[in-house]
Amino acid sequence: MGYVDKIAWIRLEDGRVLSTRSRGRDVWYLPSGKREPGETDLATLCREIAEELSVVVLPESAVHVGTFTAQAHGHPAGTMVRMTCYRNAGQCCGLQAGGGGPRWAGR
């Protein structure tokens, strides 16, 4: 069984969760990305969120929420995604969700 190792950011606001969709994909995901060789969870989190959302997540504000495993979407049966999820403790500045980019899901 193969694994896809991902680090994700869970951003909740007013009962909604922030989601993103990669170009060419048909589903929405938590903002996330794959770890580069030798990269820590927090380095991956900060880099990926800056790249995807142009938002700075301070490593000291990151709080581990949990690590979840499920069948990887768009991959052969048995390929699992292991998603290590973090939230930030405190406010977030510069986030603009809507249009064709990130969006708020829920409520």
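**A chat about the chain, its cysteines and Ser22**

Colleague: Hi! How much of the chain counts as buried?
Modeller: Hello! Of its 107 residues, 36% count as buried. Keep in mind that this is a predicted model.

Colleague: Okay, and what about the accessible surface of the chain?
Modeller: That comes to about 6,500 Å², and carbon and sulfur atoms hold 52% of it.

Colleague: How many helices and strands are there?
Modeller: You'll find one helix and seven strands. Going from the N terminus, the order is β-β-β-β-α-β-β-β.

Colleague: What share of the contacts with a separation of 6 or more comes from residues 24 or more positions apart?
Modeller: Those residues account for 56% of them.

Colleague: Switching to cysteines: how many disulfides does the structure have?
Modeller: A search of the whole structure gives zero.

Colleague: Then Cys46, is that buried or exposed?
Modeller: Cys46 is buried, because its relative accessible area is 17% and the cut-off for buried is under 20%.

Colleague: And Cys85, buried or exposed?
Modeller: Cys85 counts as buried too, with 2% relative accessibility.

Colleague: Now Ser22. Where does that lie?
Modeller: Ser22 is in the loop that runs between β3 (16-19) and β4 (32-34).

Colleague: Why does Ser22 count as partly exposed?
Modeller: Because Ser22 has 43% relative accessibility, and partly exposed covers the range between under 20% for buried and over 50% for exposed.

Colleague: One last thing: what separates the C-alpha atoms of Ser22 and Glu52?
Modeller: A distance of 9.4 Å, although Ser22 and Glu52 are 30 residues apart along the chain.

Note on methods
Residues are numbered from 1 along each chain as its sequence is written. This is a predicted model: local features need pLDDT of at least 70, side-chain atom pairs count only at pLDDT 80 or more; totals for chains, interfaces and linings use all residues. Side-chain values use heavy atoms; hydrogens and water are left out. Helices (H or I, at least four residues) and strands (E, at least two) are DSSP runs, numbered from the N terminus. Buried means under 20% relative accessible area, exposed over 50%, partly exposed in between (1.4 Å probe, protein chains only). A disulfide is a pair of cysteine sulfur atoms within 2.5 Å. Contact means heavy atoms within 4.5 Å. Accessible areas come from the Shrake-Rupley method with a 1.4 Å probe; for residues, only the protein chains shown count as cover.
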